[in-house]
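Please open the model in a viewer and keep the selection panel at hand.

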Amino acid sequence: MQKRLSDIPVSVLDLATITQGQTPADAFKRSLELAQEAEGLGFLRYWFAEHHNMESVASAATSVLIGYVAGGTKIIRVGAGGIMLPNHAPLVIAEQFGTLEALYPHRIDLGLGRAPGTDGLTAMALRRNLQSADNFPSDVMELITYLGPRDEAARVRAIPGEGSDVPVWLLGSSTYSAQLAAHLGLPFAFAAHFAPTYLEEALKLCKQNFQPSQYLPQPYAMACINVTAAGTDEEARHLATSFYQVFLGLIRNNRKPLQPPVDEALLDWNEAERLTLQQMMKYSFIGSVDTVQKSLQSFLDNTNVNEIMIASHIYDLEAKKKSYRLIAPLFNRQTNR
């Protein structure tokens with residue numbers, strides 16, 4: 001049976017965005033305020049992504065930030081979308097998320113990625129060994145074991161962590177993690193908000209190859225996309241110019257704090273940049289609530305995902321809250337948790 005948007009939940013991905021003229025401390029306060037808004041609107045999850053060496057992103061110490069936001073909210077699930085596991089020892093992450101689960105029971109999610117979440121030089125500073133990504137499947141299993149049933153005979157135990165059963169997700173922007181999620185019977189989230197190319201193939205592989213597990217009886221897939229909603233299409237397109245500037249900065253390796261919206265004619269991109277930007281923004285939904293609803297329903301028709309997560313690079317805090325308020329009623333809101 002065909003799904004409607006009102007059949008599925010909606011969640012938020014946040015990077016603790018640093019806007020022009022503000023500090024990381026300002027970004028953290030902004031994230032908490034946005035998480036509280038999302039909670040009141042019935043969003044299911046509020047996740048933070050681990051990135052490093054980026055002037056517009058303050059979510060590098062992801063576990064710490066999750067604790068701050070979970071402590072300032074009551075029912076919304078707070079988690080990592082994700083922890084870049086090759087940057088960390090599995091035991092350390094098990095202890096961190098075991099601690100979070102003990103503090104905020106049944107509200108913590110742990111999404112795992114195998115990319116560094118940064119550039120090559122910073123990855124070296126984080127990992128010291130760039131081959132650590134090759135150990136991702138075994139590291140995932142090691143981490144899941146630490147979070148699993150209490151085992152007093154184990155020589156290495158995560159305390160806190162053992163017995164917490166924090167839900168583990170696999171994240172990806174290619175088909176690799178989709179296949180691993182299917183093999184392990186774990187939920188899967190695809191990063192279509194910046195790497196749309198393999199979305200449909202990854203979702204298909206995850207569904208076709210899924211092996212039921214103690215964690216999931218059937219596949220569960222989420223897609224993260226970009227959404228900017230406003231009162232009119234014109235207003236939304238204007239707000240989205242902040243988003244365009246973020247992506248242009250990535251293309252040009254000129255990363256700055258999130259910039260205010262500008263007249264689109266002032267963006268001054270060349271043809272190659274425009275085409276690259278269009279490709280990266282394939283799953284970006286910008287417009288009035290009617291425009292966004294139609295395009296989101298079409299996206300759901302094509303992908304049949306179980307959940308949608310939205311990323312919104314909107315400069316003005318009140319405009320971002322308004323975007324959340326316009327989007328929330330389209331989905332199955334979590335009002336009775």
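**Salt bridges, a pocket and a cavity**

Select Glu162 to begin: its relative accessible area is 17%, so this residue is classed as buried (buried means under 20% relative accessible area, exposed over 50%, and partly exposed in between, with a 1.4 Å probe and protein chains only). The model is predicted, so local features need pLDDT of at least 70 and side-chain atom pairs count only at pLDDT 80 or more, whereas totals for chains, interfaces and linings use all residues. Residues are numbered from 1 along each chain as its sequence is written, and side-chain values use heavy atoms, with hydrogens and water left out.

Glu162 and Arg157 form a salt bridge whose closest N and O atoms are 2.7 Å apart (a salt bridge is a side-chain nitrogen of Lys or Arg within 4 Å of a carboxyl oxygen of Asp or Glu). Arg157 is partly exposed, at 26% relative accessibility. In the whole structure, a search finds 11 salt bridges.

Next, select Asp109 and Arg77. Their closest N and O atoms are 2.8 Å apart in a salt bridge. This pair links distant parts of the chain, 32 residues apart: Asp109 belongs to strand S4 (residues 108-113) and Arg77 to strand S3 (residues 77-84). Helices (H or I, at least four residues) and strands (E, at least two) are DSSP runs, numbered from the N terminus. Asp109 is buried at 1% relative accessibility, and Arg77 is buried at 16%.

Move to helix H9 (residues 271-280), where Glu271 and Arg274 lie 3 residues apart, about one turn of the helix. Salt bridges that share partners also join Arg45, Arg77, Asp109 and Glu307 into one network. Glu271 is partly exposed, with a relative accessible area of 45%, and Arg274 is partly exposed at 26%.

Now select Ser177 in helix H6 (residues 176-184). Is Ser177 buried or exposed? Ser177 is buried, with a relative accessible area of 3%. A polar atom of the Ser177 side chain lies 3.0 Å from the backbone oxygen of Leu171. Leaving aside residues up to four places away in sequence, Ser177 touches Phe136, Leu170, Leu171, Gly172 and Phe188 (contact means heavy atoms within 4.5 Å).

Continue to the second largest pocket by selecting Asp165, Val166, Pro167, Val168 and Tyr215, which lie nearest its centre among 25 lining residues. On a 1 Å grid over the protein atoms alone, a pocket is an open set of points with protein on both sides within 12 Å along at least five of seven lines, a cavity is a set of points where a 1.4 Å probe fits but cannot get out, and lining residues have an atom within 4 Å of a point. This pocket holds about 560 Å³ of space. Helix H5 (136-147) and strand S5 (168-172) each supply at least two lining residues, and H5 gives the largest share, 4 residues.

Finally, select Leu13, Asp14, Leu15, Thr17, His193, Ala311, Ser312, His313 and Lys320, which line the largest cavity. About 70 Å³ of space lies in this cavity, and the search of the whole structure finds 1 cavity of 30 Å³ or more.

Definitions and conventions
A polar contact is a pair of N or O atoms within 3.5 Å; within protein, one must be able to donate a hydrogen and the other to accept it, and residues adjacent in sequence count only if both atoms are side-chain atoms. Grid points are joined across faces, edges and corners, and a volume is the space filled by probe spheres set on the points.
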